[in-house]
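The chain is shown first.

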Amino acid sequence: MLPSRIGGQPLRLAASRPHPGHRPSSLAFNPARRPAAGGSRSVSSSSSSSSANPSSGAKTKIPARLPGMNEDDTDVERYLRENHQRLFENNKKWAAERLKQDPDFFTNLAAGQSPEYLWIGCSDSRIPAEQITGLQAGEAFVHRNIANMVISTDLNVMSVINYAVRHLKVKHVVVCGHYGCGGVKAAMTPKDMGLLNPWLRNIRDVYRIYEKELDAITDEHKRYNRLVELNVIEQCRNIVKTADVQHSFEENRYPIVHGWVFNFEDGSITDLNIDMKQMLGGIQKIYNLTE
């Protein structure tokens with residue numbers, strides 16, 4: 001026999017009739033929705049029969065097909081494995097070609113690096129630094145991030161500059177942006193970008209500095225391209241502000257800082273003709289770190 005009271009309180013059974021006006025809670029227990037063993041939900045007989053019988057009108061999920069896959073191929077995992085494996089095949093071909101051209105190529109490569117260039121570019125996958133400039137392995141020390149930024153609080157890019165200038169003794173530092181940059185476009189959009197906000201704010205600051213010039217450009221596409229160029233110029237200025245570059249330039253007259261912009265439409269590189277001496281003289285009143 002069930003007890004009628006627990007802890008001095010009357011026991012109300014779940015099966016008791018609700019009082020008038022009672023509305024069941026959304027959290028009320030529903031036996032029909034209880035998960036089956038193993039964590040999977042039970043499927044009603046009607047849904048099971050409809051999925052088993054195509055004529056019932058139920059939609060059958062078609063596996064996704066990635067670009068490059070054959071129309072009748074639905075094995076995405078196999079395709080990705082094979083697509084990944086081709087990189088190793090390409091590597092073997094590349095290594096064999098290098099040895100054919102120069103038997104000492106990898107011996108010299110393993111001996112160390114002494115690049116002439118530090119390349120700071122955008123992470124955009126369409127701009128491979130070596131391919132668009134004709135540089136070979138060992139000729140460029142490369143750093144890439146969203147919108148080719150040089151931010152003083154970014155220890156990554158600051159460490160790259162330090163190592164390239166003080167230890168590798170690079171002779172040129174190139175900041176290469178590109179027209180159609182998504183990071184610059186996002187910075188032109190007055191919208192909350194979440195995690196990207198702190199990064200994009202540095203580009204928005206460039207817009208603020210050149211606001212009058214940019215707002216005077218009525219064509220939105222041309223204004224966009226001009227902000228790409230101005231952003232490159234400001235990142236060059238940020239490089240010139242660093243102690244590593246200032247000390248090296250005072251002692252050795254290098255590295256020389258360059259600002260470039262890549263154009264997807266014709267593959268050309270535009271030199272913004274940064275005058276490093278003039279730029280250095282313009283910032284030394286406030287940013288001189290050589291004394």
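## Overall make-up

The secondary structure of the protein chain comes to 11 helices and seven strands, where helices (H or I, at least four residues) and strands (E, at least two) are DSSP runs numbered from the N terminus. This is a predicted model, in which local features need pLDDT of at least 70 and side-chain atom pairs count only at pLDDT 80 or more, while totals for chains, interfaces and linings use all residues. Residues are numbered from 1 along each chain as its sequence is written, and side-chain values use heavy atoms, with hydrogens and water left out.

Of the 291 residues of the protein chain, 30% count as buried; buried means under 20% relative accessible area, exposed over 50%, and partly exposed in between, with a 1.4 Å probe and protein chains only. The accessible surface of the chain comes to about 20,100 Å², of which 52% belongs to carbon and sulfur atoms; such areas come from the Shrake-Rupley method with a 1.4 Å probe, and for residues only the protein chains shown count as cover. Among contacts (heavy atoms within 4.5 Å) between residues at least 6 apart in sequence, 60% join residues at least 24 apart.

## Paired strands

Strand S3 (residues 117–122) pairs with strand S4 (residues 140–145) in the parallel sense over six bridges, two strands being counted as paired if DSSP finds at least two bridges between them. In this pairing, tyrosine 117 stands opposite alanine 140 in S4. S3 also pairs with S5 in the parallel sense, here over five bridges, with leucine 118 standing opposite valine 173 and tryptophan 119 having valine 174 as its bridge partner.

S5 is in turn joined to S6 by seven bridges, and these two strands run parallel; glycine 177 has valine 261 in S6 as its bridge partner. Five of the six residues of S3 are buried, leaving that strand mostly covered. Six of the seven residues of S5 are buried, so S5 is largely enclosed by the rest of the structure.

## Nonpolar cores

In soluble globular proteins, nonpolar side chains tend to be buried together. A nonpolar core is taken here as a set of buried Ala, Val, Leu, Ile, Met, Phe, Trp, Tyr and Cys residues joined through side-chain atoms within 4.5 Å. The largest such core has 49 residues, and those with the most contacts inside it are Leu118, Ile120, Ile161 and Ile239. Helix H9 (residues 220–240) gives the most to this core, with nine residues. A second, separate core of seven residues includes Ile127, Ala129, Val174 and Phe262.

Leaving aside residues up to four places away in sequence, isoleucine 239 touches Ile120, Val150, Ile161, Val173, Val175, Val245 and Val257. Valine 232, also found in helix H9, is buried, with a relative accessible area of 0%. Beyond its neighbours within four places in sequence, valine 232 is in contact with Asn148, Val175, Gly177, Gly259, Trp260, Val261 and Leu272.

## Annotated positions

The UniProt annotation "binding site", from an unreviewed entry, covers Cys122, Asp124, His178 and Cys181; UniProt positions are given in the numbering used here, feature names are shortened, and annotations may be inferred rather than shown by experiment. Although spread over 60 residues of sequence, these positions cluster in space, the largest C-alpha distance being 9.0 Å. Cysteine 122 counts as buried at 9% relative accessibility, and its contacts outside four places in sequence include Cys176, His178 and Cys181. Cysteine 181 lies in the loop between strand S5 (172–178) and helix H6 (182–187) and counts as buried at 2% relative accessibility.

UniProt also places the feature "coiled-coil region", again from an unreviewed entry, at residues 200–227. Over that stretch the chain is 82% helix and 0% strand, with the end C-alpha atoms 13 Å apart.

## A histidine pair

Histidine 258 is found in strand S6 (residues 256–262) and counts as buried at 19% relative accessibility. Its side chain is joined to that of histidine 172 by a polar contact of 2.9 Å, a polar contact being a pair of N or O atoms within 3.5 Å in which, within protein, one must be able to donate a hydrogen and the other to accept it, and residues adjacent in sequence count only if both atoms are side-chain atoms.
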